[in-house]
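Good morning, and thank you for coming. I would like to take you through one structure, beginning with the chain and then turning to particular sites.

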Amino acid sequence: MEFAVQYLQLLHGEGRPTVRSRGTLKALYELQRAGIVSLSQYQALDEGYRFLRSLDVRLRLAHDASIDRFDPHVLEPELLERYRKETERIRKVYLELLGI
């Protein structure tokens, strides 16, 4: 997700200083305000990003693991299902934004 936001900043940032905002969530918000990212895309990415960051902190504290590499068995079934749902939703929007 961070790559998609940075890509869009590079692509659409000329002449739009707010789009070049620091921080992934702030930049995503500004991309949505500029009409580059739709409201539904923004919501999916914003919610997904917040969930994944929260999960990453939880994994680091409880299991000394990061979201990049963790054993799915350490998560409760509901949390694992939410992880799968959010990553699928983010991937779908990512592919839309990059035109893949």
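Let me begin with the contacts of the chain. Counting contacts between residues at least 6 apart in sequence, 47% join residues at least 24 apart. Please bear in mind throughout that this is a predicted model.

The chain contains four helices and zero strands, so that, read from the N terminus on, the order of its elements is α-α-α-α. Along the principal axes, the C-alpha trace spans about 45 × 25 × 20 Å. Of the 100 residues of the chain, 39% count as buried. The accessible surface amounts to about 6700 Å², and carbon and sulfur atoms account for 50% of that surface.

I turn now to helix H3, which covers residues 39-63. Does its length agree or disagree with what its residue count predicts? At 1.5 Å a residue, the 25 residues of H3 should span 36 Å, and the end C-alpha atoms are 35 Å apart, so the two agree.

A number of residues in H3 are buried, including Tyr42, Ala44, Leu45, Gly48, Phe51, Leu52, Leu55 and Leu59. The buried set also includes Asp46 and Asp56. What covers the buried residues of H3? The cover includes helix H1 (2-12), helix H2 (24-33) and H4.

Glu86 lies in helix H4, which comprises residues 77-97. Is Glu86 buried or exposed? Its relative accessibility is 3%, and because buried means under 20%, Glu86 counts as buried. Setting aside residues up to four places away in sequence, Glu86 touches Ala44, Glu47, Gly48 and Phe51.

Next, the loops. H3 is followed by Asp64, which has its place in the loop between H3 and H4. Phi of Asp64 is near 50 degrees, a positive value in a residue other than glycine. For context, most residues other than glycine have a negative phi. Asp64 counts as exposed, because its relative accessibility is 73%.

The loop between H2 and H3 holds Ala34. With a relative accessible area of 36%, Ala34 is partly exposed. Ala34 and Thr18 are 16 residues apart in sequence, and their C-alpha atoms are 8.7 Å apart in space.

As a general point, rolling a probe the size of a water molecule over the atoms shows where empty space is left. The largest pocket has a volume of about 380 Å³. Of the 13 residues that line it, those closest to its centre are Met1, Glu2, Leu52, Thr87 and Ile90.

Which element gives the most to the lining of the largest pocket? It is H4, with five residues. H3 and H4 each supply at least two residues of that lining. By class, the lining has seven nonpolar, one polar and five charged residues.

To close, I return to two points. Glu86 of H4 counts as buried at 3% relative accessibility, whereas Asp64 counts as exposed at 73%. H4 is also part of the cover over the buried residues of H3, and H4 gives the most to the lining of the largest pocket. Thank you for your attention.

Note on methods
Residues are numbered from 1 along each chain as its sequence is written. This is a predicted model: local features need pLDDT of at least 70, side-chain atom pairs count only at pLDDT 80 or more; totals for chains, interfaces and linings use all residues. Side-chain values use heavy atoms; hydrogens and water are left out. Buried means under 20% relative accessible area, exposed over 50%, partly exposed in between (1.4 Å probe, protein chains only). Contact means heavy atoms within 4.5 Å. The expected span of a helix is 1.5 Å times one less than its number of residues. On a 1 Å grid over the protein atoms alone, a cavity is a set of points where a 1.4 Å probe fits but cannot get out, and a pocket is an open set with protein on both sides within 12 Å along at least five of seven lines; lining residues have an atom within 4 Å of a point. Grid points are joined across faces, edges and corners, and a volume is the space filled by probe spheres set on the points. Ala, Val, Leu, Ile, Met, Phe, Trp, Tyr, Cys and Pro count as nonpolar, Asp, Glu, Lys and Arg as charged, and the others, Gly among them, as polar. Accessible areas come from the Shrake-Rupley method with a 1.4 Å probe; for residues, only the protein chains shown count as cover.
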